[in-house]
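I opened this entry to look up how the parts of one chain are put together and what lies between them. The notes below keep to what I could look up.

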Amino acid sequence: MLILKATGVTKQFGGLIAVNQFDFELPEGKIISIIGPNGAGKTTFFNCITGFYAIDGGIIEFDGHIINSGEDTSHPIHRRPDQITHLGIARTYQNIRLFSNMTAIENILVGQHRHFKTHWVEAIVRSKRMLQEEAKALEEAITLLNFVGLQGLGDQLASNLPYGAQRRLEIARALASKPKLLLLDEPTAGMNPNETREMTRFIQHLRDELGITILLIEHDMKVVMNISESISVMDFGMKIAEGTPSEIQRNSRVIEAYLGRGAAAQA
Amino acid sequence: MTPTNTPTLKDAVRYGLLSGLIEINLSAIGFILLLHQRELVAGAFTMGHLFLFTAPIGFAYLLAKKTAAHSRSRVLGYGAIIGALTALPLIILVFLATAFDIRQFLLNISPDLITLLTFGQSVVTGSLILLAINVVLGMLSAALYLLPPQWRKMAVSGLAWVAISGTFSEILLGRLRSFFGRGLTDLIFTGKSLNPGFAVFILVAGALYSYFSQRRHARKEAEGDRSDATVLSLPIETINKIILGVVLLLLPVLLGSYLTEVTNNVGLYVLMGLGLNIVVGFAGLLDLGYVAFFAIGAYVMGILTSEGALGLGMGFTFWTALPFSVLAATLAGILLGMPVLRMRGDYLAIVTLGFGEIIRILALSDMLKPFIGGAQGVLQIPKPSFFGIDLIQPGQLYYIILACVLLAWFISARLRDSRLGRQWMAMREDEDVAEAMGINLVSTKLLAFATGAAFSGLAGAIFASKLTSIFPHSFNLLVSINVLSLIIVGGIGSLPGVVVGSLILVGLPELLREFAEHRLLMYGALLIFMMLARPEGFWPSEVTKRELHAFEEQHQPGTSSD
Amino acid sequence: MLQRLKEIDMLDLFLWVFRTVILVVVVWGTIATIIENPYPTQTWMETIVAGIAQGSLYALIAIGYTLVYGVLFMINFAHGEFFMSGIMTATIFLAGPMSASGYLDRHPYLGLLWITLVTMVVSTAIAVLTERVAYRPLRYAPRLVPLITAIGASFFWQNYFRGLFGSEVKPFPQIAPFAGKITLGSIVVLKTHLVVIIAAILMLIGLYFFVMKTKTGKAIRAVAENKDVAALMGIDVDRAISSTFALGASMAGIAGVLYALVFRQIHFFMGFIPGIKAFTAAVLGGIGSIPGAALGGLFLGMFESVGPGLFLEGLGIPAPHQLKDVIAFTMLVLVLIFRPQGILGERLAEEKA
């Protein structure tokens, strides 16, 4: 079953077409990567999925809901990012964007936002329900913190954590909303080979343990080839190839796109 | 501040000139002369003197601190240079003012100022005295740094006690007289100020107090920290709370009616400050039009209850009108909040400022005059009554204000510690990410605006009925700036900070009328100073403390500077 | 259908209603005024010229906001005080005594030149000092921090000059050649209005060439593009920022002189409201753009001058001119909601993307 389906997605900034007629399908429970040279439109596509941008053309459907559709469709819809999160999509950022002056636990608690039910008036009178909810949330947050391997660091300010731990915390914060689909934007950027290996294992673990569908943007080809079940290649906002890791490695257009530019020569 | 290079003569000259520049400006704007009216020690020393010599003393001390690590011998010399260079521009000013009529340009360079600067002597003698005093003070201040820390603390403590008790001598006098009678006060005071003998007594007492408290500290440290001591099996914290509660309840009796009136004004600003603290401190939305909600609360109260021509005459009392005031302000908070929801921080500030002005101009305009009175305002608003007793005395109104402040504090604290508080904090940190976490920015921001507006409306309603008449000019931009300043000075996001800020920025100028004249100048300087030197405020919130602590840890690993 | 309705954002709906209500009021008021026709054509013409003159002043002050915003992305709240400080000092020390001694009557042009020079020097000095003390140490602080110091600086300077020169309104002497009215074709115009308009046009052209052609101008533009790269190219960033403030302040200083010529009254609080209006003008035109500031100033001046009579008179609102500030601030709100990039600006749109 498809959890995410994008048809003909187009996003323009002035004269620049960042995403151009992009089609994309994501079956539930898979790990799929989007690769492509810098500026190919990968992060822009993420921003279209999460509702940060309204798209100019095409339709994005998630879990049976139209979440973003362009002016060319019968009635354009643009759901806000918070609404889309409530439907079950969570994300991380290329350049880690934690709430840096809040503690690790507080970051995760904010991530749990969509599961809180009590009204703010209950917070003033401290109703029993609200206290129970807070206690339960805290318990879950600690479980998550342990799950990503940050035992005992809950009271640390996010900005004080080491780089690798910040990446993990950001993933924990995204997981806190219990998403069906997790978007990871370059989760191994800036990591050393050791940390990268660990992160790769961790991502696989996420899917296998929690059954979350994962969509990945990544530059490290080793990671991509290792864990993706399918890969889409983007260049100039368009899809130039799609297939299993071994197919992509042999695809001449992909090699041209990368080597022709002299970027990311590992491919 | 790691002193890597030794201060040179050039630094001393620079500090001296800066100090002179500050003093000559303080003199030229009339600050020194105005403060000269308040005597700290009868016949000897005024607050004008205090400020006249603050800059050289401060700069000499600062430079001594930087120099002492390298060369103790230069410290005194530099102090003297700073003193001399501070005096120099002032002496030039004295000569110029005697030779020409500067006053036609700078109206505060008056003969009185010249008398003050020359200590009532002739121009030449006076100038020499001024020079000598500055040089001596510069050297003394530098020498202070060379003293052993224990002695230094004692000296500073003694002087501070004299300055503080001198500053508040008038109030002290009033209170002491009403409790202990003339006998005691005649011993201590001459006129309205401390007499010199008693000033010396305070100086010595302050120094001794510092000496003993240092010894006690040292002993405690030697014995190990035993702060978990309990009395009557109650933890210290609870006892402190009980004492605070009792003092708050008895405050009007302790303070007398004038000081209670001042306290009431401070209380209204605390109430507004608590509201703006939610908007600016918790949610990070800089609102410069906050006075609008205060005005709306006041006008609704005024029109509903007024017994004058503009009153509705529907039999509203203070208590029945109060919910409507708060409700109207809250609605206004939401309505004015909606258009600005998508604006970035600095634009938001200017637009809210515009809203505040729009409300004020409308209140003044002929268009709404038939309803809210234009410049003539709304008159004959009754004071609140409580079970048939009219609350006319400030001591009675005090309890209404206290109750409202406590309520606002309680709500603020509960919201801060709840999920909503975390949402606000997340939004303040990074709006885009907060939204991506599923937080609805619209409702979260509107809740902040609405709560802030409600507190302000409440303050406005009490204000209207406290003054019994309201005019548009009471609701100008300065009120917004005032409230913003006090939460920044107290510590942004901090609840006790709001009270500290209100006491400093609202209470002090009312007690020291001389300050009131230059209050906005000082607000301005204070805002700049706080942002440069102490952005966390005088009573920082836990969060801000944590942030700054983290900042220090990151930037100076393992080192401790002074 | 119900499904569609549910998907409309409540906020969008509110903003749509907000915009429509204001539009309806303006159109209705205008039509009613035209039908009523309360003023003769001559009055309208005078109002328009006054609006252009007022707009020219706003434009000159707005330059300072736009330049500083272009370079530092900060709203220099204290800019109105730069406008006030120069002319206030020059009035007290120069214009007053020169008028009393009769020098200004004998040499009106030379006198005005002296006044202008002193004004520019003082305004510039205050601006550079403010930047050095209150803004430079906070250049990398969170965005709201320099805004708060700017508010502080604004109140500090206002009250500093109040302390120096007193709080009462000071007269600015009449300069004989600029007194009275002049007839241009069929309309009669105040000479001072004409002077303001011509001076503003000359200054704006001069400024444009300065920014485009001179070395300092190029440094300013480079720093506005990218501070780090500019520094790598050997440009002294601190100096370029200082000159940006100086440039903006000298324009504000000239605006101060022109203001004094028209209104002939000087006051310590005179910079505050024009400062905020000029900021509105800068936003209206597109903040960061110099032609935008000029255009925005002109628009705002016109709206403010013509608006009360045109939009509000017909609605039967008594004394509509009391509400001209309401019109200005409403315009600010409308622009920021519906076209934050202003008339000519692209910058904000780019920044967001």
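My entries on the domains and their interface follow.

Entry, division of the chain. I am working from a predicted model, in which chain A is divided into domain 1, made up of 1–88 + 179–267, and domain 2, covering 97–178. I looked up the separation of the two domains of chain A and found their C-alpha centres 27 Å apart.

Entry, extent of the interface. I find 22 residues of domain 1 of chain A in contact with 13 residues of domain 2 of chain A. Between them the two domains bury about 1400 Å², and 69% of that area is on carbon and sulfur atoms. For the area that domain 1 buries against domain 2, I noted that A:His86, A:Pro179 and A:Phe202 supply 37%, which is more than any other three residues give.

How many salt bridges does the rule find across the interface of the two domains? I find one, and I also noted a salt bridge between the side chains of A:Glu198 and A:Arg168, at 2.8 Å from N to O. The count of residue pairs in polar contact between the domains, both at pLDDT 80 or more, is four.

Entry, the domain 1 side. The elements that give two or more residues to the side of domain 1 touching domain 2 are helix H2 (81–87), strand E7 (181–185) and helix H7 (193–210) of chain A. Of these I marked H7(A), from which the largest share of that side comes, eight residues.

Terms used. Residues are numbered from 1 along each chain as its sequence is written. Chains are lettered from A and ligands numbered from 1 in the order in which they are written. This is a predicted model: local features need pLDDT of at least 70, side-chain atom pairs count only at pLDDT 80 or more; totals for chains, interfaces and linings use all residues. Side-chain values use heavy atoms; hydrogens and water are left out. Domain bounds come from an automatic or database domain assignment. Contact means heavy atoms within 4.5 Å. Buried area is the accessible area (1.4 Å probe) that two parts lose on being put together, summed over both. A salt bridge is a side-chain nitrogen of Lys or Arg within 4 Å of a carboxyl oxygen of Asp or Glu. A polar contact is a pair of N or O atoms within 3.5 Å; within protein, one must be able to donate a hydrogen and the other to accept it, and residues adjacent in sequence count only if both atoms are side-chain atoms. Helices (H or I, at least four residues) and strands (E, at least two) are DSSP runs, numbered from the N terminus.
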